[in-house]
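Subject: Structure for your files

Hello,

Here is the structure, followed by notes on what was found in it. Please keep it open while you read.

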Amino acid sequence: MTLIQDQTEDTSSQTNSPILYRPMTDEDLPIAYELSQIVKWPHRIEDWKMVMRLGNSFVAEENGVTVGTALCWSHGDQYSSLGMVIVSPEKQGRGIGRQLMNQVLNDIGDEKNVILFATPSGQPLYESFGFKATGEVYQHQAIVEKTSPVALSGGKTLRSVDQNDYANVIQLTEKACGIARSAMIKDVMSFGDAVVIEENGEITGFAMVRPFGRGHAIGPVIAKDTDLAKSLIQYWINALESKFVRIDIPANSGLSAWLAEVGLPQVDTVVEMVRGESPTRDDETRQYALVSQALG
């Protein structure tokens, strides 16, 4: 990877050092974590390690200090995603975010469609790179204070996932998302937990949970219908009583009002954006919750 120096002047300062753009290493993790804390993102060091090992990551460095980050992930031959684009607040206005975007987009290549989830402050930058809004994602979170029975109609059973389920779970996820998900699913399963709903020997839904941020994150949640999705989510809500829980759902999932009723109110909204073609998603099997806003 070629190292790039950016000597763009900052009109608010008379002395600017060159910015070096390079691949991220484990030595950058502590400062990357600090940057995410400064902008009030909940990621732990362990969460940073997860997104790093699943993709390619880059930093902006000034005088030996990391001042910005950006990461990207491949999802097969046709799609990639990008995220974790952070610039130290005191270094903003110098084109660092734009150059980091150039780094990740060059790494991805022009032949692939690219997905990201944008905060309102970041959306104009992404639009300037040709990204278009295609939907919204609602962030719901709270400390779980109440539980409810898990409702399952006749013939359906809910059980823990095992290794024999991996191929079916990955196939179900890829149908729902329209992109390759094998590496991500296997990684999250290595340290998280998952349950499936089975009917007549067929897995018709599953949900994962993992440590994240202040507590736990539920996702992905994949199911044949909304009732199955609610049952899967309710199972993990019950298992995490008195703990902090977060779930990120597509705005069109139909779950937002229900999540508020069961004690997980909506606290934020981000915009799904795509450069190129949106994934072709299955009409019957749907994604009701994301892995994360970074990974989709």
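Helices (H or I, at least four residues) and strands (E, at least two) are DSSP runs, numbered from the N terminus. Strand β5 (residues 79–87) holds M84, a residue with a positive phi of about 55° although it is not a glycine.

Residues are numbered from 1 along each chain as its sequence is written, and side-chain values use heavy atoms, with hydrogens and water left out.

The mean pLDDT of the chain (the predictor's confidence in each residue, from 0 to 100) is 92, and 95% of the residues reach 70 or more. Over residues 1–14 the pLDDT is below 50, and beyond near neighbours in sequence this stretch has 29 contacts in the model (contact means heavy atoms within 4.5 Å). Where pLDDT is low, the predicted coordinates should not be read in detail.

Two other backbone features follow. N200 also has a positive phi, near 55°, in a residue other than glycine. N200 sits in the loop between β9 (193–199) and β10 (202–212), and is exposed, with a relative accessible area of 75%. A cis peptide bond joins G219 and P220, with omega about 5°; P220 belongs to strand β11 (residues 215–223). Most residues other than glycine have a negative phi, and most peptide bonds are trans.

Next, the helix packing. Helix α2 (residues 45–54) packs on helix α6 (residues 182–189) at an angle of about 150°, their axes 11 Å apart (axes are lines fitted to C-alpha atoms, for helices over the stretch in contact, and angles run from 0 to 180 degrees between N-to-C directions). α2 is therefore roughly antiparallel to α6 (angles under 35 degrees count as roughly parallel, over 145 as roughly antiparallel, 65 to 115 as roughly perpendicular and the rest as oblique). On the α2 side the contact is made by M50, R53 and L54, and on the α6 side by A183, M184, D187 and V188.

Helix α5 (residues 166–177) packs with α6 at about 130°, with axes 10 Å apart, so α5 and α6 are oblique to each other. Here Y166, V169, I170, T173 and E174 of α5 meet S182, I185, K186 and M189 of α6.

Regards

Methods
This is a predicted model: local features need pLDDT of at least 70, side-chain atom pairs count only at pLDDT 80 or more; totals for chains, interfaces and linings use all residues. Buried means under 20% relative accessible area, exposed over 50%, partly exposed in between (1.4 Å probe, protein chains only).
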